[in-house]
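Subject: Structure handover

Hello,

Here is the structure for you to look at. Please open it first, then read the notes below it.

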Amino acid sequence: MRHIISILIENEAGALSRVAGLFSARGYNIESLTVAPTEDETLSRMTLVTAGNEQIIEQITKQLHKLIDVVKLIDLADSVHIERELMLLKVKTTDETREEIKRMCDIFRGKIIDVTSKSYVVEMTGPSDKLDAFIAAINNDSIIEVVRSGPTGISRGENGLRL
């Protein structure tokens, strides 16, 4: 099962490498990783996506808690949460395909953010399965490049990951 682990971590050099090192030393895979500063300049929020059974995830969270840089963490799979992913997709266009791609963007609530005579760059956010469906709906031969952020998430309601 896939888990999104949200971590408050000290915003200092080497913190990210210590988390990544923990995963590689134990043979766990990181499917996606994003890190950005929070409203508190001394902390960063790391969103890490991994997969495993309950025992593996429990082991991962226990090991993360032991790292000196980790202030607090939550497994979002344990609670109701909102999850989104950002995708940028560059597609080849011709006079014949431009309208079809625009229509597909409207259906999937994407946005064309760059236009050249031979390509569009589409920006889309949403759950991973929505982005997968958009890619499947586009002619594979017309896709030039796909860049995805990986999922990020936040718990619903008034509770949050903070000190």
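A salt bridge here is a side-chain nitrogen of Lys or Arg within 4 Å of a carboxyl oxygen of Asp or Glu. Keep that cut-off in mind for what follows. Note too that this is a predicted model.

**Salt bridges**

How many salt bridges does the structure hold? There are nine. Here are some of them.

E85 and R148 pair through their side chains, with N to O at 2.8 Å. That is within 4 Å, so the pair counts as a salt bridge. E85 sits in strand 5 and R148 in strand 8 (residues 143-148), so this bridge ties together parts 63 residues apart in sequence. Is E85 buried or exposed? E85 is buried, because its relative accessible area is 6% and buried means under 20%. R148 has 30% relative accessibility, so R148 is partly exposed.

E145 and K90 form another salt bridge, at 3.6 Å from N to O. E145 is partly exposed at 41% relative accessibility. K90 is partly exposed as well, at 30%.

Salt bridges with shared partners also join E12, R18 and D69 into one network.

E58 and K62 make a local pair. Their side chains meet in a salt bridge, with N to O at 3.1 Å. Both are in helix 2 (residues 54-66), four residues apart, so about one helical turn separates them. E58 has 42% relative accessibility and counts as partly exposed. K62 is partly exposed too, with a relative accessible area of 46%.

**The chain as a whole**

The chain has four helices and nine strands. In sequence order the pattern reads β-α-β-β-α-β-β-α-β-β-α-β-β. The C-alpha trace spans about 60 × 35 × 30 Å along its principal axes.

Of the 163 residues, 37% are buried. Take the contacts between residues at least 6 apart in sequence: 72% of them join residues at least 24 apart. The chain exposes about 9,600 Å². Carbon and sulfur atoms supply 51% of that area.

As for charge, there are 20 positive and 25 negative charges. Their mean positions are 1 Å apart.

**A nonpolar patch**

Which residues form a nonpolar patch on the surface? They are L86, L88, I113 and V147. Together they have about 290 Å² of accessible area. L86 belongs to strand 5 (residues 81-92).

**Single residues to look at**

A15 is in helix 1 (residues 15-26). At 3% relative accessibility, A15 is buried. Setting aside neighbours within four places in sequence, A15 contacts I9, E10 and D69. D69 is also part of the salt-bridge network with E12 and R18. How far is A15 from N139? Their C-alpha atoms are separated by 41 Å, and the two residues are 124 apart along the chain.

T94 is in the loop between strand 5 and helix 3 (98-107). T94 counts as partly exposed, at 36% relative accessibility. The C-alpha atoms of T94 and G153 are separated by 37 Å. Along the chain, T94 and G153 are 59 residues apart.

R109 is worth a look for its backbone. Most residues other than glycine have a negative phi. R109 has a positive phi of about 60 degrees, although R109 is not a glycine. R109 lies in the loop between helix 3 and strand 6 (111-115). Is R109 buried or exposed? R109 is exposed, because its relative accessibility is 74% and exposed means over 50%.

**Where to start**

Then turn to R109 and its positive phi.

Best wishes

Notes. Residues numbered from 1 in each chain as written. Predicted model: local features only at pLDDT ≥ 70, side-chain atom pairs only at ≥ 80, totals over all residues. Heavy atoms only, no water. Patch = residues over 30% accessible without salt bridge, like charges linked within 9 Å, V, L, I, M, F, W, Y side chains within 5 Å. Areas by Shrake-Rupley, 256 points an atom, 1.4 Å probe, with all protein chains shown as cover. Helix = DSSP H or I, 4+ residues; strand = E, 2+ residues; numbered from the N terminus. Buried < 20%, exposed > 50% of the residue type's maximum accessible area, 1.4 Å probe, protein only. Contact = heavy atoms within 4.5 Å. Lys, Arg positive; Asp, Glu negative; His and termini not counted. Charge placed at Lys NZ, Arg CZ, Asp CG, Glu CD.
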